[in-house]
Amino acid sequence: MKDKQMTKTIMGIAAPLPLANVDTDVIMPKRFLITITREGLGDGAFADLRFDNAGQLRPDFILNNAPWTRASILIVGDNFGCGSSREHAVWGMRQLGINACIGTGFAGIFYDNARKNGLALPIVSPATRDFLLQFSSDARGHEISIDLESRMITAGDISASFEMDDATQTGLIRGRDDTLDTLEHAGAIRDYEAGLNKEMRISVLK
Amino acid sequence: MSRTLYDKLVDAHKVCDLPDGDMLIYVDFHIMNEYTSPQAFSGLDTKGFNVWRPEAHLAVVDHVNATRGSAPHDAASKLLIDNLQANCTKHGIAFYGLGDPRQGIEHVVVPEQGLVAPGMLIACGDSHTTTYGAYGALGFGIGTSEVEHVLATQTLRYKRMQTMRVTIDGDTALGVTAKDIIMKVVQTVGAGGANGFAVEFAGAAIRGLDMAGRMTVCNMAVELGARAALIAADEKTKTALQGHSHSGQFAFNGESWISDQDAIFNQEVSISGADIEPLITWGTSPDQSIPITANVPCAVDYISSEAKAALARSLRYMGLSEGQSARSIQIDTAFIGSCTNSRIEDLREAANILDGRQVAAGVEAIVVPGSAMTRIKAEAEGLRAIFEAAGFEWRPEAGCSMCLAMNDDIAMDGERVASSTNRNFEGRQGRGARTHLMSPAMVAAAAIAGHLADVRDFK
């Protein structure tokens, strides 16, 4: 498979979501998980924050208010994405139009799921995060820009660097299929298996 | 060179380095459930991949199934269950479905079946796969794209983590359980404090735990952000490997699955066992816990305005007041179950408190054994009779149930649950539901009292 179109820069309006420990139950409530497809999860993303019990938009939630209704970047609190491994959380955020979350640190499984789905998670210092929270709170809705190649975020006159490991950076830019890539190493996998004793191979009883 | 147990496990499973800085690691055993695997199978089919080694996988139904009876409670959950069975049949994968005597919560089933052993690398589309660290195995949760990757390649792309050792020295007091130990660790390290780390638990209080207790500790390590949790294999581990249907299948020779004595960890945390009391969570993050003898925090306890705001938000959701005593919190529901605390040892612990006592009027009390095998064993031991005599509802089918409320065991808006589970997130047990995490014994004590209560008062 050829690489999809390269994504080197992510630009858009950012919304501040400063809560710490936003877990994947909050990002994608369980009632949206009873599905065998990846589709139709946009409505589920942050559903209990976006909608009240009657299904009406909650006016106190940032993404329900202009200009943040158009936000494609979130500035998030510490430990965003903690909890359950459900990749549905990332699928739903992508379907809601979110391309990046900027924070000081992310839960591990969420971080890996994000990479597989083109959701960029730049990691910044607390000072940069606090600045971006303030910058994105401005209702004039100035765009910010994330340059994946140079690992720099630009917001107004300010530029700041972010952390992202090399494999994630490469994966996001190329938008490649990891499984296909790995199968190019099928020989190495077979070599590894050839080195295993018979006592090191599980065979589950049916 | 001296190595940690974690590094030994990673080294033993490394297939090759990849050009982008990741490595490929080999997965000895992979477990699937009905809700995080469907899109992985459809991905395989769309791209035309085969399953690399079908016998190295096990699929279990546990998340969405009803526990009142073996029939699915609605069409949507039936679709998920049937879909998993069809995918397993198509690809030649073992499937332990509803009605199978081996069915249950995946992390309860695996040790019961003897499918975990020191030195193994185990992956599963479930964050609580850290449980297997109790056996000196490297277990961790993965997303659905990675489930597809394991199915197609028997490997994962992996980045070596930093290591943290959490040492709990000294003896713990009577009434303090493995659940209290790990809740204390979560409280100390913080909900994201171990992000990017593999955590090894050490010290006398850990060595003193039985295998069920060690599983409880490693299970909830993910609540401090640990992607992997480990406990060194010892004589107890060796004993626990015997007598199961898959015993002896996996024996990774030539390694002792412990950290070398002078191995260096990137971070060390030390907790005195004597400082641990029976804990309860008061908030909406697993690190928001206090001893049962204490009071809910007040705004003045916090310095930053963010922390004060977070406290206010948690208290509002939980319907609690600043400074309220833990023991004044009235409950509606008591729930014993989940991959953290539904093993036979957990049921014994709760039954010990319930024996000869009655659940308080107005409290709905439910116990869901972790597996069909656990249920049968508990019934044979007379535990069911004790639970039922006390007023608990004994569920005939095993599953995750009200831990995450993906089936029909859903707590109502505002309903307050004393729960032996692992997460007290907003909406976790139902929209608006309020969860207090604690040990199974403490859930039993709360059920009897009608409010959160100190298990040490129920001797």
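Reply: First, a helix here is a DSSP run of H or I with at least four residues. The model is predicted. In chain A, α6 covers residues 166-174. A:G175 follows α6(A), and its phi is positive, near 60°.

Me: What makes A:D165 a cap of the N-terminal end of α6(A)?

Reply: A side-chain oxygen of A:D165 lies 3.2 Å from the backbone nitrogen of A:A167. The cut-off for a polar contact is 3.5 Å, so this distance falls within it.

Me: Why are strand β1 and strand β4 of chain A said to pair?

Reply: Pairing needs at least two bridges. β1(A) and β4(A) have five, so they pair, in the antiparallel sense. A:M11 stands opposite A:S145 in β4(A).

Me: How do you know that β4(A) also pairs with strand β5 of chain A?

Reply: Four bridges join β4(A) to β5(A), and at least two are required, so this is a pair. The two strands run antiparallel. A:D147 has A:M152 in β5(A) as its bridge partner. In their hairpin, A:R151 takes a positive phi near 55°.

Me: Why is the link between B:R68 and B:D409 called a salt bridge?

Reply: Their closest N and O atoms are 3.3 Å apart. The limit is 4 Å, so the pair qualifies. Across the interface of domain 1 and domain 2 of chain B, the rule finds three salt bridges.

Me: What is the buried area between domain 1 and domain 2 of chain B?

Reply: About 3600 Å², with 56% of it on carbon and sulfur atoms. B:T67, B:R68 and B:I105 supply 19% of the area that domain 1 of chain B buries against domain 2.

How values were computed
Residues are numbered from 1 along each chain as its sequence is written. Chains are lettered from A and ligands numbered from 1 in the order in which they are written. This is a predicted model: local features need pLDDT of at least 70, side-chain atom pairs count only at pLDDT 80 or more; totals for chains, interfaces and linings use all residues. Side-chain values use heavy atoms; hydrogens and water are left out. Buried means under 20% relative accessible area, exposed over 50%, partly exposed in between (1.4 Å probe, protein chains only). A polar contact is a pair of N or O atoms within 3.5 Å; within protein, one must be able to donate a hydrogen and the other to accept it, and residues adjacent in sequence count only if both atoms are side-chain atoms. Buried area is the accessible area (1.4 Å probe) that two parts lose on being put together, summed over both. A salt bridge is a side-chain nitrogen of Lys or Arg within 4 Å of a carboxyl oxygen of Asp or Glu.
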